[in-house]
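Have the model open as you read along.

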Amino acid sequence: MSNFWQQLSKPFFALAPMEDVTDTVFREVVAGMADSEFLQVLYTEFASIDGLNHPVGKKNVGHRLLVSESERALLKEKNIRLVVQIWGKNPELFHRIAKEITEEYDCDGIDINMGCPVKKVVKNGCCSALIDQPDLATEIILATKEATHLPVSVKTRTGIRMHETERWMSTVLTTHPAAVILHGRTQKQQSDGLADWNEIAKGVQIRDQLSPKTVFIGNGDVNSVEQGKELAAQHGLDGIMVGRGIFHNPWFFQPSRTVPSKNEKLSRLLFHTQLFEKTWGIKKSINILKRFYKIYTSDFTDASKVRVRLMDSRSYDEIYRILGQEMKSEK
Ligand SMILES: Cc1cc2nc3c(=O)[nH]c(=O)nc-3n(C[C@H](O)[C@H](O)[C@H](O)COP(=O)(O)O)c2cc1C
């Protein structure tokens, strides 16, 4: 088995899987601005195994696993690994889909989502609901591992209503996954409150006892590379996963760079928009793209005015026109 997790330089950083965010376009944008010393792993959005198993569903879900040629080339150049994340509840189907992904998609690892707290998946017994179904969770991890030579990781939370880190991590680590990503919140917390890094540290201790070769990654509220490095050192973690931190700073994974100018920000926004249009055309709504605009339109004079103009725009052409005017006036 080729296990890339073992080859990463530590502490490493990974960009968290985020639905409607970490598609091939956003991953390419982030990777393009990253030092590969820091960003070493990217994730797809989560993809349903039931969807992937169905001819029509596969069409609807398949875009989540798309990797464009330009992204592929960039990842190769920077030696950044790509992990496909899947979710569901049927171990046999996990086996079948993991096999298919291994054969059909060019990725470096497969991750099982056991952390999503969203009602529609939890009420079906999937994702974070598996924390309360240890036998089924075990079956799922083992079935997935058996199907593939790729390393299988598990991304999860510390409990359902309260932290149950010892009990739950003991279950997960007994299956010896290649990596565990532990978000320091319970299912009930969703995104509220703060991630509890002492609970994440408990997970590291259980890893040391039960499965020392499993790579252990902490996740929750990390807002800078420096903070991530400190948390990794403090709690003995191999890596740090960053989600929403990227919305505050698209240059997150290039910590040495000076504060970008207005034109640098707008030219990144332009690149992002052009790539989005080229990749998705009319397949994805321009409104999905606009959600990203805030991350490029802050901390310069009249940033909010520029943002409002862009948010009010109705077409790619209008966006390009506004950007042309704004960037020209800055020169
Ligand atoms: C918009 C959004 C979408 C998300 N989608 C996923 C997903 O598809 N799979 C997953 O495992 N976690 C998902 N998450 C959770 C993140 O991966 C991460 O665990 C969480 O945001 C905590 O990390 P952070 O504090 O660094 O953001 C999502 C989070 C956000 C904000």
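## Helix packing and the ligand shell

In this predicted model, helix H1 (residues 24-32) packs against helix H12 (residues 262-280) at an angle of about 150 degrees, and their axes are 9 Å apart. Because angles over 145 degrees count as roughly antiparallel, H1 is roughly antiparallel to H12. Their crossing is right-handed. On the H1 side, the contact is made by Thr24, Val25, Glu28 and Val29, and H12 contributes Phe271, His272, Leu275, Phe276 and Thr279. By class, this contact of H1 with H12 has five nonpolar, three polar and one charged residues.

Now turn to the second pair. The axes of helix H8 (residues 165-174) and helix H9 (residues 197-210) come within 9 Å and cross at roughly 40 degrees. H8 and H9 are therefore oblique to each other, and their crossing is right-handed. From H8, Thr165, Glu166, Met169, Ser170, Leu173 and Thr174 meet Glu199, Lys202, Gly203, Ile206, Arg207 and Leu210 of H9. The residues of this contact divide into four nonpolar, four polar and four charged.

Here are the two pairs side by side:

| Helix pair | Angle | Axes |
|---|---|---|
| H1 and H12 | about 150 degrees | 9 Å apart |
| H8 and H9 | roughly 40 degrees | within 9 Å |

Finally, which residues are closest to the ligand? They are Ala16, Met18, Phe46, Gly243 and Arg244, out of 21 residues that surround the ligand. By class, this shell has eight nonpolar, eight polar and five charged residues.

Key:
Residues numbered from 1 in each chain as written. Predicted model: local features only at pLDDT ≥ 70, side-chain atom pairs only at ≥ 80, totals over all residues. Near = placed C-beta within 6 Å. Nonpolar A, V, L, I, M, F, W, Y, C, P; charged D, E, K, R; others polar. Axes fitted to C-alpha atoms, helices over the stretch in contact; angles between N-to-C directions. Helix = DSSP H or I, 4+ residues; strand = E, 2+ residues; numbered from the N terminus. Parallel < 35°, antiparallel > 145°, perpendicular 65-115°, else oblique. Left-handed = near helix turned anticlockwise from the far one by under 90°. Contact = placed C-beta atoms within 7 Å.
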